[in-house]
Amino acid sequence: MDRRKFLIGAGLGLIAASSPISLSAIGRSAKRSVKSGKMHLSYSPYELKLRHAFNLAKYSRTTTPDVQVQIEYDGIIGYGEAAMPPYLGESVESVMKFLSKVDLSQFNDPFRIEEILEYVDSIEANNRAAKASVDIALHDLLGKIMGQPWYKIWGLSPEKAPNTSFTIGIDKAEIVRQKVIEAEPYKVLKVKMGLDNDKELVEIIRQMTDRPICVDANQGWSDKHKALEMIEWLYDKNCLFVEQPMPKEMIDETAWLREHSNLPIIADEAFQRIGDIKRFHGVYDGINIKLMKSTGLHEAYKMVTLARALDMKIMVGCMTETSCAVTAAAQLSPLVDWADLDGNLLIANDRFDGIKIVNGRVTIPDRPGIGVELIV
Ligand SMILES: [Mg+2]
């Protein structure tokens, strides 16, 4: 036996010893596709259809553009995704253009995550969702090769995953009531604010339930004194924190608000990459990590470590996206204070089975990689 054949044999032996993936499945696909030892990236647009119109302080929409991505390596497929809510500035066109420049065939070892993702990041600035799609697919691939989900590879305890909040958007009173009924299985509600009827919305919910509420103002308040008044009112209504109360550019005003607020102030729109954490330490009490902003799991994990060292609160969130990216984010959830992982529940055409919410809590599937299975 030559050395290469021996190494391949030894590798498959290792997979067989530790993996829930069927070895015969690997064997079959390995026979079908000639082993190249190269990663092959492919992608296609996939429009997400929303169950309800999504009304935020600044716009409303019924679909979200999305690109589905896969990396194939020796017959094993890793899945990834880029979801592009319009306010982040990426589009199907920009993501497809970015991905067309990614050449993974230059790497012989998919385990060199640091080197591969550094290269992807260097191709062009921004393009965070596009970069995340490659990161997620790479993590899925590697987890499948190792036969383990990422929460296990990171050494996390899945029972520490928090409750997830369920979003009640800005809407007419009767629709808000209907959404509160729909949100029955969830222990935490999230309310999107930023219009004139904010208090009315919270009052309607409080007539129906006393479950804690996370508030997301989506940059909707531009007067710091009014914002503080609102936060004091929300504090009395059993709210947990306020996400992005003021426009992201209003840094001094947000720092003032944080100093006077009795609820934690969390950065969402203001916060994208790991470098922002240092800049916002002292301005916000915590950060909302989303894979479409962080460029994926690799940087998100580093963000958690840095934010913890700075004694900041951490929330893991998502965009409206399929179970692919939401389940990938769930792998990190045992490390965070709050989870807002309901993006997959808001769409009508999910392609994957993955994360489950059991008794309101994030439940990570026991599948290798990011934990998803393609169903469509
Ligand atoms: Mg938010």
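A residue is called buried if 20 or more other C-beta atoms lie within 10 Å of its own, exposed if 12 or fewer do, and partly exposed in between, with the C-beta atoms placed from the backbone. The model is predicted, and local features are taken from it only at pLDDT of at least 70 and side-chain atom pairs only at pLDDT 80 or more, while totals for chains, interfaces and linings use all residues. Residues are numbered from 1 along each chain as its sequence is written.

We begin with the whole chain. Of its 376 residues, 46% count as buried. Its secondary structure comes to 14 helices and 17 strands. Here helices (H or I, at least four residues) and strands (E, at least two) are DSSP runs, numbered from the N terminus. Two residues are said to be in contact if their C-beta atoms, placed from the backbone, lie within 7 Å. Among contacts in the protein chain with a separation of 6 or more, 67% are between residues 24 or more positions apart.

Next comes the interior. A nonpolar core is a set of buried Ala, Val, Leu, Ile, Met, Phe, Trp, Tyr and Cys residues joined through C-beta atoms within 7 Å. The largest such core has 105 residues, and Ile287 and Ala329 have the most contacts inside it. Helix 5, residues 128-146, gives the most to this core, with ten residues. The core draws at least three residues from each of domain 2 (36-147) and domain 3 (153-374), the domain bounds coming from an automatic or database domain assignment. Leaving aside neighbours within four places in sequence, Ala329 is in contact with Leu291, Val316, Cys318 and Leu341.

Ala132 is found in helix 5. With 33 other C-beta atoms within 10 Å, Ala132 is buried. Its contacts, apart from neighbours within four places in sequence, are Ala82, Leu291, Met292, Thr295 and Gly296. The C-alpha atoms of Ala132 and Lys293 are separated by 7.8 Å, although the two residues are 161 residues apart along the chain.

Helix 5 also packs against another helix. Two packed helices are described by the angle between their axes and the distance between the axes. The axes are lines fitted to C-alpha atoms, for helices over the stretch in contact, and angles run from 0 to 180 degrees between N-to-C directions. The axes of helix 4 (residues 113-122) and helix 5 come within 10 Å and cross at roughly 160°. Angles under 35 degrees count as roughly parallel, over 145 as roughly antiparallel, 65 to 115 as roughly perpendicular and the rest as oblique. Helix 4 and helix 5 are therefore roughly antiparallel to each other. Ile113, Ile116, Leu117, Val120 and Asp121 of helix 4 make the contact with Lys131, Val134, Asp135 and Leu138 of helix 5.

A second pair is helix 7 (residues 173-182) and helix 8 (residues 198-208), whose axes come within 10 Å and cross at roughly 45°. These two helices are therefore oblique to each other. Their contact is made by Ala173, Val176, Arg177 and Val180 of helix 7 and Leu201, Ile204, Ile205 and Met208 of helix 8.

Lys224, Ala227 and Leu228 in helix 9 meet Glu253, Trp256, Leu257 and His260 in helix 10.

Most residues other than glycine have a negative phi, and most peptide bonds are trans. Asn218 has a positive phi of about 45° although it is not a glycine. This residue is in the loop between strand 8 (213-216) and helix 9. Asn218 is buried, with 21 other C-beta atoms within 10 Å. Gln244, also not a glycine, has a positive phi near 40°. The place of Gln244 is in the loop between strand 9 (239-243) and helix 10. Gln244 counts as buried, with 25 C-beta neighbours inside 10 Å.

Last, consider Val92 in helix 3 (residues 92-100). Val92 counts as partly exposed, with 17 C-beta neighbours inside 10 Å. Not counting residues up to four places away in sequence, Val92 touches Pro45, Pro65 and Val67. The C-alpha atoms of Val92 and Pro65 are separated by 6.3 Å, and the two residues are 27 residues apart along the chain.
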